[in-house]
Amino acid sequence: MARIFSGMAPSGFPTLGNYLGATRNWVKLQAQGDCIYCIVDQHAITNFQNPTELREKTRVMAAILLASGIDPEKHILFHQSAVPAHARLAWIFNCVARIGWLNRMTQFKDKAGKDREAVSTGLYVYPNLMAADIHAYHATLVPVGDDQRQHLELANDIAEKFNFDYGVKFFPRIEAMIPAETARIMSLRDGTKKMSKSDPSDQSRINLNDDSDTIALKIRRAKTDPEPLPADPSGLAGRPEATNLVTIYAAMTDQTPAAVLQNLAGAGFGAFKEKLADALIAHIAPIKTETERLLNDPAHIDSILQAGARRAAAIADPIVDEAERIVGFLPRGP
Ligand code: AQP
């Protein structure tokens, strides 16, 4: 059976972008392989996190993933910092990856902005830790959104160079699983920017723990243009905000964008936004209710994550022990 790995950073509350780009696939993939899902708190601190809030966001993220349908009995759900194998392998990968490779990472350029000298070194080597997250399990399938494509290519380059430098065939190639139509959900305020949980504007995104009134308001305020909905997707060219809302509605109602437009051609955005808000609320409200129920018992959430971490470590430790042996470290001992 294929081993599937993916992670999500508790740098905010999960958004509709995380859900459509990643989580919804994570849930479906549970029928197809052994899944290891990781709340990557070590990635989250590449930007400063208030410690109390980080603990809260980690638990909320776990609760939302469980409420969305992740099964922690059949599969593994845990927090990254609880399995030291990730950091051990990341250090080896820091020494394998080349600075030139990291300099090409567009996510670093986007996140660092103009102030490159002032961001953390963790943000710079983040893709090496992400490669370690995956390779520590010899996972081969990685469900992610389109924004992570370049990082996965880098993870393959690192594995290839490790194998070449040490004359081994130790790390397998990994394959990205990127959903065709919802690979990149965009901000509600700017259709050219990805929807992001750490965007300073809460109005730019739908959070999976937003209540129904908040969802309706955010959709009413979402940026659009004055044209009605066209009859087919070609009429959305050059209209990023309209495209984004149609993509979201199509995903929420399990249709293609073309089918949505066939049915709603000529409708104005006022009426369309009401339909969209209703579809989102119908989908998100049950997740929010279950999330709140789970959050009433934080100790139970912690125990699920800790049990997951023990099972994750049992897989990763021997693989990372072997990687350390290959590079020439003495055994850690019992
Ligand atoms: N807007 C998006 N559309 C589609 N997929 C998305 N993902 C994130 N945003 C979108 C996918 O969600 C998974 C988890 O992402 P992450 O938490 O590791 O970090 P990220 O990609 O950097 O997501 P955010 O929301 O933008 O977080 P911050 O604000 O912390 O940077 C990934 O599979 C990602 O592709």
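Predicted model: local features only at pLDDT ≥ 70, side-chain atom pairs only at ≥ 80, totals over all residues.

Student: How is a cavity defined, and what volume does the largest cavity have?

Tutor: Rolling a probe the size of a water molecule over the atoms shows where empty space is left. On a 1 Å grid over the protein atoms alone, a cavity is a set of points where a 1.4 Å probe fits but cannot get out, whereas a pocket is an open set with protein on both sides within 12 Å along at least five of seven lines; lining residues have an atom within 4 Å of a point. Grid points are joined across faces, edges and corners, and a volume is the space filled by probe spheres set on the points. Here the search of the whole structure finds one cavity of 30 Å³ or more, and the largest cavity has a volume of about 40 Å³.

Student: Which helix supplies the largest share of the lining of the largest cavity?

Tutor: Helices (H or I, at least four residues) and strands (E, at least two) are DSSP runs, numbered from the N terminus. Helix H6 (106-112) and helix H7 (121-135) each supply at least two residues of this lining, and the largest share, three residues, comes from H7. Ala, Val, Leu, Ile, Met, Phe, Trp, Tyr, Cys and Pro count as nonpolar, Asp, Glu, Lys and Arg as charged, and the others, Gly among them, as polar; on that basis the lining of the largest cavity has four nonpolar, two polar and no charged residues.

Student: What lines the largest pocket, and which residues lie nearest its centre?

Tutor: The largest pocket, with a volume of about 700 Å³, is lined by 39 residues, of which Asn18, Asp147, Gln148, Lys194 and Lys197 lie nearest its centre. By class, the lining of the largest pocket has 17 nonpolar, 16 polar and six charged residues. In the second largest pocket, of about 530 Å³, the lining divides into two nonpolar, seven polar and eight charged residues, and H6 gives the most to this lining, with four residues.

Student: How many residues of strand E2 are buried?

Tutor: Buried means under 20% relative accessible area, exposed over 50%, and partly exposed in between (1.4 Å probe, protein chains only). Strand E2 (residues 33-39) is mostly covered, since six of its seven residues are buried. Two strands pair if DSSP finds at least two bridges between them, and strand E1 (residues 2-8) pairs with E2 in the parallel sense over seven bridges, with Ser6 standing opposite Tyr37 in E2.

Student: Why is Thr23 called buried?

Tutor: Thr23, which is found in helix H1, is called buried because its relative accessible area is 2%. Thr23 and Tyr37 are 14 residues apart in sequence and 9.7 Å apart in space, C-alpha to C-alpha.

Student: What happens just after helix H3?

Tutor: Just after H3, Gly69 takes a positive phi of about 120 degrees.

Definitions and conventions: Residues numbered from 1 in each chain as written. Heavy atoms only, no water.
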